[in-house]
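Colleague: Could you walk me through some of the labels on this model? I would like to see each one set against its cut-off.

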Amino acid sequence: MASRLGRRYGKYALLVCGAGISSYAVFRLIDQKKEVHFRQTKTQSERLLVNASSQQTLSSSHLRPTSSKGLPSRADQLKSLRDGKEFDVLVIGGGATGCGVALDSVTRGLSTALVELDDFSSGTSSRSTKLIHGGVRYLQKAILKLDLEQYKMVREALQERANLLEIAPHLSYPLPIMLPVYHYWQIPYFWVGIKMYDLVAGTKNVRSSYYLSKKDAMDLFPMLRSDSLVGAIVYYDGQHNDARMNLSIALTAVRYGATIANHVAVTKLNKDSDGKLIGARLQDQITKQEWDVKAKSIINATGPFTDNIRLMDDQNTRKICQPSAGVHIVLPGYYSPESMGLLDPSTSDGRVIFFLPWEKWTIAGTTDRVCEVTHSPAPTENDIQFILNEIKHYLSPDINVRRGDVMSAWAGIRPLVLDPSKPNTESIARNHIINTSPSGLVTIAGGKWTTYRVMAEEAVTEAIATNPDKLSHATKCKTLGLILEGGHNWTPTLYIQLVQDYGLEPEVAHHLANTYGDKSFAVAKLAELTGKRWPVAGRRLHSEFPYIEAEIRFAVREYACTAVDVIARRLRLAFLNTQACEETLPQIVDILADELKWSKSEKELQLKKAMEFLRTEMGQQVNKELRDFEEDLHVMLSEVDINKNGQVELGEYLELMSALKTGTISSSRFSKAAEMEFNKITVDRAGGGL
């Protein structure tokens, strides 16, 4: 590192080495020199994007981002929405599909605006299983039922899987998933099915599947239940950071000239005298200011809230959304290998359960139950217990699957839809649907995360077909192969440069590189010096996670407006560990307050809302009973512990039992302990280790 510094900073390195100055001062001087350098020339990340812009082509279109500099601020975006300009396309909804529509539209040469009621990816798009997949189970049904439509859906998803792995290499990667086999007759059955999955993917297959003996399967997945196991089959799908991927799609749209704004609601759809849509009434949810925006075409991509916008357009339209809640839980990383997932194809109620490593933790899910459409879906205790019980079936009996190990739990609403163009009002569409109302509202609904790009392409194509005179200047779709924000010059070793140039911990640098891609240099530039010998820069928010303070400041530049925006979407701390998230909240709010100029009352409000989010939407509320029991247990043990040494010794235990047997406990010093309702305490609910 010294030679690198010497080459790069010449006289500065010689000066500090000769004077014997501490490493802190060395990097302070270096940092000052970097500031001068950054003011005079483009930052490294900016140069990377400029190079990428000159080299990256989309087929033969030579499409390039309009800007490689910093993103326009949210205030700039709102100003653009208010200036009276008529947009070609207005997109409602900032999930994966909505942001995909905005990107598709703007890259076709259409002036595009997008508004989102909450935050980008605040709904279903951030609450997925984190897989980029075609759907093994769908292919099984397609083959067994000779269902051509379902087969086409799987093939399309597999093609899109390959595209996502290509356009966002920093956020997505292949993940091997093991399918354990417990009956010999299942070996050829599953093997043929998985090989068909490879075959349908064709040249876009990630990697070939393979068979494992029982011994090899146990070597790769030692947590697996071994009795009756005869072997396993491993196949590949993709995995990603869903919220970050969603945000990257949105930011890429901005780079190409789209105007987007989160925390902006559509309160009314405006129509002309002929009943055709001409725009919408918007309201900023932060300031409560309202204004009208003009648009030639409006696309409804609001997921579970599809019917809200459709009813705003026509009060007599029939609802098409059939919401279904899927719950996932997060467990410690030791429940699964670091780079091998597991699929249980036949749960007790016929559903599929995935058991996957993610961000060094373990995700398990999902459930499937009918629910109401809400902005705050929450997991139930029954959902959590169902997943835990299924996990116990295929994990080794040596592993105590404990309720207390659930670090976080969340529910996402699947926007299953009915096709309004079909007379059968009870038939749920297997794929996405596109519908255009008499007023011109284009609705895209249903589908899955993996196929967001194709859904977006079809929605924009429909909007153009509906308005051939107004949108005749649109070109063909250009999003296939379009590199997303941060992916232009990312390499697997980019994190090493962050370590060497900025003095970051390798774990922190690796996290930054695999979250922000080539934009990680801009984050590292904001990292403050630690005052330690090592790491030189990058103060962690929590000792157990690689998130650093600089990411909070950078989040504001990426349109984070609230504490929940940060803990749930910019960082994934709320989804990984609610307790650790709660511990870091005051620090996060302080940094946001400094960036956004919050008052004391606003800081208190943001802290309160974030705590409520953790309690209701991230599973803390369903853990209340467990926390209350732990508090009662602490009181009980404190009374029994005569010696106050933190242990219940044999003599103390016998004295308690004697008081219980003789009936004198109510008058003894164990009176409070006697009030505990022991009959309600179960080992499972207590965390399993008592």
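Predicted model: local features only at pLDDT ≥ 70, side-chain atom pairs only at ≥ 80, totals over all residues.

Colleague: Why is threonine 259 called buried?

Modeller: Buried means under 20% relative accessible area, exposed over 50% and partly exposed in between, with a 1.4 Å probe and protein chains only. Threonine 259 has 6%, so the label is buried. As for its place, threonine 259 belongs to strand E7, residues 259-262 (strands, E, are DSSP runs of at least two residues and helices, H or I, of at least four, numbered from the N terminus).

Colleague: What makes the pairing of threonine 259 and serine 80 a polar contact?

Modeller: Their side chains come to 3.3 Å. The term asks for a pair of N or O atoms within 3.5 Å; within protein, one must be able to donate a hydrogen and the other to accept it, and residues adjacent in sequence count only if both atoms are side-chain atoms. The value of 3.3 Å is therefore within the limit.

Colleague: What makes aspartate 242 and lysine 130 a salt bridge?

Modeller: A salt bridge needs a side-chain nitrogen of Lys or Arg within 4 Å of a carboxyl oxygen of Asp or Glu. Here the N to O distance is 2.8 Å, so the pair qualifies. It links distant parts of the chain, with aspartate 242 in helix H11 (residues 242-255) and lysine 130 in the loop between E2 and E3, 112 residues apart. Aspartate 242 is at 0% relative accessible area, so it is buried, and lysine 130, also at 0%, is buried too.

Colleague: How do you know that glutamate 595 is partly exposed while arginine 553 is buried?

Modeller: Glutamate 595 has 23%, so it is partly exposed, whereas arginine 553 has 18% and therefore counts as buried. Their salt bridge has its closest N and O atoms 2.9 Å apart.

Colleague: Which residue forms a salt bridge with aspartate 119?

Modeller: Arginine 570 does, with the closest N and O atoms 2.6 Å apart. Both aspartate 119 and arginine 570 are buried. Salt bridges that share partners join Asp119, Asp565, Arg569 and Arg570 into one network, and the whole structure holds 34 salt bridges.

Note on methods:
Residues numbered from 1 in each chain as written. Heavy atoms only, no water.
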